[in-house]
Amino acid sequence: MPLVGVHGVSKVFDNGVRALSGISLDVAAGEFLSILGPSGCGKSTLLRLVAGLASPSEGTIDRESGDIGFVFQEPTLMPWASALANVALPLKLRGMARSEREARATAALDSVGLKGFERAFPRELSGGMKMRVSLARALVVEPRLLLMDEPFAALDEITRHRLNRDLLGLWQRSGVTVMFVTHSVFESVFLSQRIVVMAARPGRVSADFRVTEPYPRGEDFRTSATYAEWCRQASQRLEQAMAA
Ligand SMILES: Nc1ncnc2c1ncn2[C@@H]1O[C@H](COP(=O)(O)OP(=O)(O)O)[C@@H](O)[C@H]1O
Ligand SMILES: [Mg+2]
């Protein structure tokens, strides 16, 4: 039983733009799936539909009930609030008592490597640390499904590699299902069990394949010939999608 089922989904915006056409896709519970495609192919639109933030023009989306975490490219933190208060916000909005939400937010910050930064304000944190806070805020509700929309695209390469590695650790420990949007071949291969390649105008699925490499994946994998070969194959499929 898939956690998410996308069946024949199309999305046409009010201005007539057909962003998605005939998308079908099942996501298994616990899977780490990347959606890889050029800018404008409808990746963000697809994620928003899965989150229920917009509805399809045609087709249906089934999703198991339960919480969703959503991480955007921008960390979108409240600048006047501490890291702890930012992370605790979703729990506060649910009416959870202060002591419990602070305990959970503290644990979530710890899980993303920010132990000791509870009282820091966003302006005191680097780009990578702000993204960690954003990730902690998504995880604090213990979602079954984590949707990530190019979360690390604005970060420098070293920071991005660290966050990739730490995200895999969190995924393995928590068992959360991840749908990760990226336009980076390298990032999608490093992270994913499965890559869905999208083509543009209209956005559609062009390829869907598995990266059958074991976890944990670390720097050994990133620098291996196997990784380079997977990246070559993924690049080829992306090229085909862009030529189609
Ligand atoms: N709210 C909207 N209204 C009209 N067109 C939109 C809207 N959101 C996205 N689009 C268009 O839909 C297409 C896909 O956009 P998007 O999902 O953001 O792509 P991606 O995330 O892959 O870059 C683009 O042509 C974009 O301009
Ligand atoms: Mg996008």
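Which helix gives the largest share of the shell around ligand 1? Here are some notes to read alongside the model, which is a predicted one.

1. **The shell around ligand 1.** The answer is helix 1, residues 43-51, which supplies three residues of the shell, the largest share. The residues that surround ligand 1 are F13, N15, V17, A19, G37, S39, G40, C41, G42, K43, S44 and T45. By class, this shell has four nonpolar residues, seven polar ones and one charged one.

2. One open sheet is built from three strands in the order 2-1-4, and its pairing is antiparallel. Strand 2 (18-27) and strand 4 (58-63) are its edge strands, each pairing on one side only. From one strand to the next, the twist averages 15 degrees.

3. **Strand 1 and its two partners.** Strand 1 covers residues 4-12 and pairs with strand 2 in the antiparallel sense over six bridges.

4. **The hairpin of strands 1 and 2.** How many residues lie between the strands in the hairpin of strand 1 and strand 2? There are five, and in this hairpin G16 takes a positive phi near 95 degrees. A second topic is the open sheet of six strands, which has the order 5-6-7-3-8-9 and mixed pairing. Its edge strands are strand 5 (68-71) and strand 9 (204-210), and each of them pairs on one side only. The twist averages 15 degrees from one strand to the next.

5. **Strands 8 and 9.** Strand 8 (residues 194-199) and strand 9 run antiparallel and are joined by six bridges. One pair to look up is V197, whose bridge partner in strand 9 is A207. The loop between strand 8 and strand 9 holds P202. The peptide bond that joins R201 and P202 is cis, with omega about -10 degrees.

6. **Another cis proline.** Where does P216 lie? P216 is in the loop between strand 9 and helix 7 (219-222). The peptide bond from Y215 to P216 is cis, and its omega is near 0 degrees.

7. **Helix 2 against helix 4.** Now for the helices. Helix 2 (residues 83-93) and helix 4 (residues 127-139) have axes that come within 7 Å and cross at roughly 30 degrees. The two helices are therefore roughly parallel to each other. Their crossing is right-handed. Helix 2 makes the contact with A83, N86, V87, L89 and P90, and helix 4 with V133, A136 and R137. By class, this contact has six nonpolar residues, one polar and one charged.

8. **Helix 4 against helix 5.** Helix 4 also packs with helix 5 (residues 157-174), at an angle of about 20 degrees and with the axes 10 Å apart. That angle makes helix 4 roughly parallel to helix 5. The crossing of helix 4 and helix 5 is right-handed. On the helix 4 side the contact uses G127, G128, M131 and L139, and on the helix 5 side T159, R162, L163 and L170. These residues divide into four nonpolar, three polar and one charged.

9. You will find T76 in the loop between strand 5 and helix 2.

How values were computed
Residues are numbered from 1 along each chain as its sequence is written. Chains are lettered from A and ligands numbered from 1 in the order in which they are written. This is a predicted model: local features need pLDDT of at least 70, side-chain atom pairs count only at pLDDT 80 or more; totals for chains, interfaces and linings use all residues. Axes are lines fitted to C-alpha atoms, for helices over the stretch in contact, and angles run from 0 to 180 degrees between N-to-C directions. Helices (H or I, at least four residues) and strands (E, at least two) are DSSP runs, numbered from the N terminus. Angles under 35 degrees count as roughly parallel, over 145 as roughly antiparallel, 65 to 115 as roughly perpendicular and the rest as oblique. A crossing is left-handed if the near helix is turned anticlockwise from the far one by less than a right angle, and right-handed if clockwise. Two residues are in contact if their C-beta atoms, placed from the backbone, lie within 7 Å. Ala, Val, Leu, Ile, Met, Phe, Trp, Tyr, Cys and Pro count as nonpolar, Asp, Glu, Lys and Arg as charged, and the others, Gly among them, as polar. Two strands pair if DSSP finds at least two bridges between them. A residue is near a molecule or strand if its C-beta atom, placed from the backbone, lies within 6 Å of it.
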